[in-house]
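Student: I have a model open and want to work through a few local features. Can we take them one at a time?

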Amino acid sequence: MSLSKPALKQQAPLQSPERLERGRQAAPQVFERLREAILSLELTPGTTLSRTTLAAQFGVSSTPIRDALMRLEEEGLVDVFPQHATVVSPIDLTLAHQAHFLRRSLELEIVRSLALNPDPRLVARLKGIVAQQQALMEANDLQAFEVADQDFHRTLYEAAQMQDLWLLVRSRSGHIDRLRRLNLPTPGKIEGIVRHHKLIVQAIADGKPDEAQQHLRDHLSGTLSHVDEISARYPGYVRR
């Protein structure tokens with residue numbers, strides 16, 4: 001698909017442009033921090049990414065910046081326009097639907113397997129994460145809440161010994177994750193996430209695989225059903 005040149009937004013300084021950790025390769029660290037800035041919408045769709053500016057902010061040469069931007073392009077999170085610019089991509093609904101299908105398919109089987117053989121240690125860990133989410137919800141800390149939400153789902157994959165599949169899901173979820181981030185402040189959304197997580201954990205603890213799967217379906221179905229509302233609130237952010 002050929003892309004037309006976008007209307008560009010000036011890149012703002014990153015909120016956390018601190019120097020990278022010594023002893024670790026620079027490119028993966030730049031990639032992780034830029035990816036998080038895109039997913040959190042600190043870098044919004046249409047924002048230009050200047051290699052020179054990023055190199056100065058991170059204190060590295062242009063090579064790690066180039067490598068990180070190439071990885072972001074592979075995930076569809078940036079669009080590269082040769083001889084023009086690199087920009088944060090709009091949220092692609094086709095890719096969002098594909099990521100949702102992949103995640104739902106995998107996690108339905110994961111929660112089923114966990115409910116068929118309940119592990120009290122896993123249940124205690126999941127309840128701890130849900131309690132943390134409850135506290136973050138009450139503090140209205142959306143960023144930390146999102147981190148805890150990812151921790152909850154990653155823990156399910158780890159418990160099922162499917163860590164590599166979690167990495168696969170994460171690499172495909174940039175577009176659906178941005179939709180979720182835009183939908184998160186919607187009244188009742190966070191409360192619904194916490195409620196569904198509690199129900200999933202209880203179904204696993206009670207050894208009820210069918211209930212665990214149904215609660216997961218309900219949990220993962222919310223964001224895509226609100227695409228029209230999200231698009232109306234954030235014009236230009238979504239590509240259909």
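Student: Is Y234 buried, exposed or partly exposed?
Tutor: This is a predicted model, so the value is computed from predicted coordinates. Buried needs under 20% relative accessible area, and exposed needs over 50%. Y234 has 27%. That makes Y234 partly exposed.

Student: And Y237, buried or exposed?
Tutor: Apply the cut-off of under 20% for buried. Y237 has a relative accessible area of 15%. So Y237 is buried.

Student: How many aromatic pairs does a search of the whole structure find?
Tutor: The search finds two. In one of them, the ring centres of Y234 and Y237 lie 5.6 Å apart. Their planes meet at 25 degrees, so this pair is stacked. The total asked for is two aromatic pairs.

Student: Which residue lies over the face of F31, and at what distance from the ring centre?
Tutor: Look for an Arg or Lys charge above the ring. R71 sits there. The residue is R71, and the distance is 3.7 Å.

Student: How does the reach of α5 compare with the expected span?
Tutor: Helix α5 covers residues 120-139, which is 20 residues. At 1.5 Å a residue, 28 Å is expected. From first C-alpha to last, α5 is close to that, at 29 Å.

Student: Which side chain reaches a backbone nitrogen at the start of α5?
Tutor: The backbone nitrogen belongs to R121. A side-chain oxygen comes to within 2.9 Å of that nitrogen. The side chain is that of D119.

Student: What phi does N140 take, and is N140 buried or exposed?
Tutor: N140 lies in the loop between α5 and α6. Just after α5, N140 has a positive phi of about 60 degrees. Its relative accessible area is 57%, so N140 is exposed.

Student: How far is N140 from P185 in space?
Tutor: In sequence, N140 and P185 are 45 residues apart. C-alpha to C-alpha, the distance is 9.4 Å.

Student: Which residues does H219 contact, beyond its neighbours within four places in sequence?
Tutor: H219 lies in helix α10 (residues 209-220). At 10% relative accessible area, H219 is buried. Its contacts are D149, H153, I193, H196, H197 and I200.

Student: Last helix. Which residues of α2 are buried, and what do they pack against?
Tutor: In α2 (residues 51-58), the buried residues are L54, A55, Q57 and F58. They fall within an arc of 165 degrees, so they line one face. On the other side, T52 and A56 are exposed. The buried residues pack against α1 (26-39) and α3 (62-74).

Key. Residues numbered from 1 in each chain as written. Predicted model: local features only at pLDDT ≥ 70, side-chain atom pairs only at ≥ 80, totals over all residues. Heavy atoms only, no water. Phe/Tyr/Trp six-rings, centres within 6.5 Å; stacked < 30°, edge-to-face > 60°. Buried < 20%, exposed > 50% of the residue type's maximum accessible area, 1.4 Å probe, protein only. Lys NZ or Arg CZ within 6 Å of the ring centre and 35° of its normal. Helix = DSSP H or I, 4+ residues; strand = E, 2+ residues; numbered from the N terminus. Expected span 1.5 Å × (residues − 1). Polar contact = N/O pair within 3.5 Å; in protein donor to acceptor, adjacent residues only side chain to side chain. Contact = heavy atoms within 4.5 Å. Arc of directions from axis to C-beta.
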